[in-house]
Amino acid sequence: MDEKDLQNIGEDFYTNMEDLTFNSRPIITNLTIIAEENTQAAPYIVKAVEKRIDKALHTQKLFAFYLLDSICKNIGSPYTLLFGDNLFKTFTSAYVSLDDPTRKKMIDLFKTWLTAKNSSGLPLFPQEPVKKIEEFLIRVSSIYQKRVTPPRQSPTPTSTPPMNTQELINLINSITLLSREKLRVFPSDTESLKKLDVLSKVKQVIESQGMDYTELLKVKTMLQDMYKSEEEALKKLLAVQQQQQSPAMNNMSVPIPMPMEQVSVAPEHPLKRQFQQFVNTGSNPLGLAPIGNLLVPPKSNYEQLFQKLIKVKLIKYKRQRLPTKQFLKSLLSTPRTTTNTTTNTTTNTTTSTTSPLKNRPLITIDLSQFDINSSTLLKNTTTSYDTFHQLMFVDKPNKCAQCGKRFGKTDREMKLRADHLDWHFRVNSKLNQLGNSGAGSAGNSGLAMSCKAWYLDDVAFFKFRDLEVFYSDDGSNITTNGDLHDNKGTNTTSVSNVKHYVPVPESSLDMQTQCGICRETIKGQYDDDLGEWVYKDATTGNSNSGKVFHWSCFSEANPQVNNRSVSAGIKRKFEYE
Amino acid sequence: MLVSFPEDSILTKHIIKLKTDATIVEIEAKSEWRFEVAFEQKLLIKVVEGNAEIFGTELANDIEYKFTGAKASIYTHEGCKLQYQGEVSSEYISEETEMGHYINLHLALENIRNTAGSKAPNVLILGAKDSGKTTLAKILSSYALRMDRQPMLVNLDPSNSVFSIPGSLTATPISDIFDVEEGWGNTYTSGPTLLHPKQPNVRYYGYDDINTNLKFYKENISRLGLTALSRLQVDLDIKRTGMIVDTPPLGLKNIDLIQDIVSDFEISVIVVVGNERLFIDLRKKFNGRLSLVKIPKSAGVVEIDDAFKRKLQQRAIREYFHGTASTPLSPYTANVDYKYIKAYKPASGNTSVDAGFNPSIDQLGYDLSAVTGDAKSKSKLIESVENNSANLLYAVVAILHADKKDDEDVVARSSVFGFAVISGADDDKHFVRILLPVPGRVPDKAMIVGEFRYTE
Ligand SMILES: [Zn+2]
Ligand SMILES: [Zn+2]
């Protein structure tokens, strides 16, 4: 067998993989056998799988990973080593393009790689890429926690859990996620809002300074309490939600024939999907220790947390830029009346004597100090700069390299960010496609496209929802009036159905003209729809020179035009000829 | 105020390429770099270090932004380094910035938005000419957007071109960042764009100055208010954020108009920029009924002289039809008989008697009956225009959603479907040549002709 044959095996393999459009055990088994029988073509097969992962639709990438997994676990070397070379890139570049439920499955898959061993008892993959993937997941996903800590019966300080700040950060991320979800269902839930603010502060403190073991442990206990109560709250919410939804929509879990544990298909509703993650899976995605049965009211939770934090360490805090110190000061010094009418369960704590925190919920970036009155507005306070900095930069660390828009760190925002990048990509390729012949100019400055549309009328405007269009599969493609506009009498000007014609000028005596390219005669015809005489299937190339071209001749001469409308760039080109 | 792109491109590019010297500007935290670029100039700016923003919109790093015909400033919260290349009419760094006040204001609004049980603020910005109202409106909208909100930006200054052409009044949900080069950005009426397009509701008043036909102006703002509020009621993203309303220069003498706007848009916060007397007067007027705050006029606001403003307006019209250098569009020209054109203009004799028209200020306004009932009893809002070259040649016309057979009343209340320019009119042959944004037949719709003219 020469190199060429091996290459062909790889290509055949790729073709076969195209059937892997759903999660099919037979296909995966089959392909695994083929891979086993052709280990000499392993480099090509590996390339084929990687290519498949890269090229497959987002909805189908996961199945290609299952194939990769199956090959590696069943055959092992040399596939494990070969896949290992690009494993980080293969995994992460696919991961970012996936939706949340699929990401969850990717994480589940990845977790099996941490423990799987090859026939000689060594780890399945080379350690380096696996470690990098793990670091990546820790960074981007709050539902992934490092080396799943085994659940403990009680968080006794005597046990020696692997304590590190990252763990706490993850915990905070998870609580943040829970609170955000709660907030999404009940936007008026200001408690969650406040909590979110507190959490982000706490996180900063943890990130920015070294705490010793016992301190961390205290904080951790607090956070775990908080997580627990948030989770309870969410479960209740979900229960309410489920009652409201049709029963058929629930329990939509489909067993999937996979080497992994069973995964459930998440339902469509994005909210529910999030809830499902936490509740329906039954498992505790964070691997958190179950804490006692006490359902501590959340407020006292963060109050305690804060008092502990303050007591423990905060005073040591020194970096200027970060708002925490300032923020805490303001927290402590402004016993402002609050809008809070619920009862504050305050606390038996042995700490804190004169703390004015007692009678107010622990807020955070205390926005309430920003009154809408002239004297407040005219003050130039560091507090407002710091608050601003926190909200605009710290809370949103991920800046889009293309447009500067920022995204936060939650799963939801990471998803939005992925969608956003996708969108840039689609638009850029569309613009490039339209303008790719612009001589020498980067991309799109040479040629024009035209699919201008009309403005919406009042009723359509009333019904329009910007974000729905945004996150539709092809928001970039919307030329408004089409599907969004049900108003009669509105021209639907999608690009494809533009008619090409030129009205016969009044000055024309014989109602005919010559094609400026092939020199054939073009005869005027009366168009019933338009109610006027026109040269059908013709264009002026948008020049004002009076020249008329067959549309076909014109677009042949300008292949990039396709069936799109004429461009200013072409116009220029023609005038110069 | 910030728009861009000259006729084009290839020639200008070469000039720029010759001048390769790039200048680095270092801006300290909480300062801004102000620059002016004339229409015949072109400036390229890149953030090379740190974070910077233009009127609230953060710039991407290491990406070149092009400016032409612009007066703007770049603010940095924590300090940054910029690189620029090309020509500027003026540029300097200033530590004297109003950004601190703007930030306070934003946080205060955010506080209201976060307060349970309270309605999101609808903010009205008032002030004299060149006091920085539009800049403030833009910054507040950007900041709200950056906090994942969706404000509705309303422009009531017909001399501005916000997501439309001059002479229009618009309400636009801001669902994505502004285009800092363009000033505002694209709408759904253009093709694929580099940023998410916006979807405005557009009404056409047709004049630069609100006093030219105050009655028609008022009719349009109350209609716009009706549409904007209706959308706000049902669109939760907007409802939770509220509106930001920018205005033409209004003063003490416009107090009735201000009251109209307050009720038309259910204003809950008024921000007066640099006009102490107006502030005091409004405090008496609205005593306790809404939040009233003042902010000093920004030292950085440059005077936009008339010539500059006209150029901005002409450019806005050109870009409506032809797009920009980065997203060019090709308009469409049609020849039609006069009989296909049905044009109106705002009725004359409506000039600047502020007292004449007073649509139900205090009865929680904008219900349909109030306005239509009023329409019957009062004189006409619009009148027919005879089709001839004197009236139509080079006129910018607003094509309305109303059918050309519709009643005058309906036409007067209709919002804008699109714009066209009558680029030729032959009285002998009874033909007009009309420039349309969208290929196809001339829509069977009524049109409004104002004072704006345009030639290619
Ligand atoms: Zn972006
Ligand atoms: Zn031909």
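This is a predicted model: local features need pLDDT of at least 70, side-chain atom pairs count only at pLDDT 80 or more; totals for chains, interfaces and linings use all residues.
**A view of B:Tyr320 and B:Phe419, two buried aromatic residues.** B:Tyr320 counts as buried because its relative accessibility is 5%. B:Phe419 is buried too, with a relative accessible area of 0%. Here, buried means under 20% relative accessible area, exposed means over 50%, and partly exposed covers the range in between (1.4 Å probe, protein chains only).

**Edge-to-face ring pairs in chain B.** Over all chains, the structure holds 26 aromatic pairs. In one of them, the ring centres of B:Tyr205 and B:Tyr217 are 5.3 Å apart and the planes meet at 70°, so this pair is edge-to-face. B:Tyr205 sits in the loop between β13 (201-204) and α4 of chain B, and B:Tyr217 in helix α4, so the pair ties together parts 12 residues apart in sequence. B:Tyr205 counts as buried at 0% relative accessibility, and B:Tyr217 is buried with a relative accessible area of 0%. Back at B:Tyr320 and B:Phe419, these two also form an edge-to-face pair, 5.5 Å centre to centre with 85° between the planes. Distant parts of the chain are linked here: B:Tyr320 belongs to helix α8 (residues 306-322) and B:Phe419 to strand β21 (residues 416-426), 99 residues apart. Rings of Phe, Tyr and Trp (its six-membered ring) pair if their centres lie within 6.5 Å; planes under 30 degrees apart count as stacked, over 60 as edge-to-face and the rest as tilted. Helices (H or I, at least four residues) and strands (E, at least two) are DSSP runs, numbered from the N terminus.

The largest nonpolar core has 65 residues, and B:Phe265, B:Ile270, B:Leu282 and B:Phe419 touch the most other members. Helix α4 (residues 214-234) of chain B supplies the largest share of this core, 8 residues. A second, separate core has 64 residues, including B:Phe35, B:Ile125, B:Val271 and B:Val273. A nonpolar core is a set of buried Ala, Val, Leu, Ile, Met, Phe, Trp, Tyr and Cys residues joined through side-chain atoms within 4.5 Å. Beyond its neighbours within four places in sequence, B:Ile270 is in contact with several residues, among them B:Leu124, B:Leu126, B:Phe286 and B:Val293. Contact means heavy atoms within 4.5 Å. Buried residues make up 66% of the 456 residues in chain B.

**Two positive phi angles in loops of chain B.** B:Phe55 is not a glycine, yet has a positive phi of about 45°; B:Phe55 lies in the loop between β4 (53-54) and β5 (57-58). B:Phe55 is buried, with a relative accessible area of 10%. B:Asp130, also not a glycine, has a positive phi of about 55° and is placed in the loop between β10 (123-127) and α3 (133-146). At 19% relative accessibility, B:Asp130 counts as buried.

**The zinc site of chain A.** A:Cys400 (SG), A:Cys403 (SG), A:His420 (NE2) and A:His424 (NE2) coordinate the zinc ion (ligand 1) at 2.0 to 2.2 Å. The 4 donor atoms subtend angles of 97 to 117°, which makes the arrangement tetrahedral. Along the chain, the donors follow the spacing C-x2-C-x16-H-x3-H. A:Cys400, in the loop between β1 (398-399) and β2 (406-407), and A:His424, in helix α16 (residues 411-435), are 24 residues apart. Both A:Cys400 and A:His424 are buried. Donors are N, O and S atoms within 2.8 Å of the metal (3.2 Å for Na, K and Ca); water is not among the atoms, so sites may look incomplete. Four donors count as tetrahedral if all angles lie between 85 and 135 degrees.

**A cis peptide bond in chain A.** The peptide bond from A:Ser77 to A:Pro78 is cis, with omega near 5°. A:Pro78 lies in the loop between α4 (61-74) and α5 (79-95).

Notes
Residues are numbered from 1 along each chain as its sequence is written. Chains are lettered from A and ligands numbered from 1 in the order in which they are written. Side-chain values use heavy atoms; hydrogens and water are left out. Four donors count as tetrahedral if all angles lie between 85 and 135 degrees; four count as square planar and six as octahedral if opposite donors are over 155 degrees apart and all others between 65 and 115; anything else is irregular.
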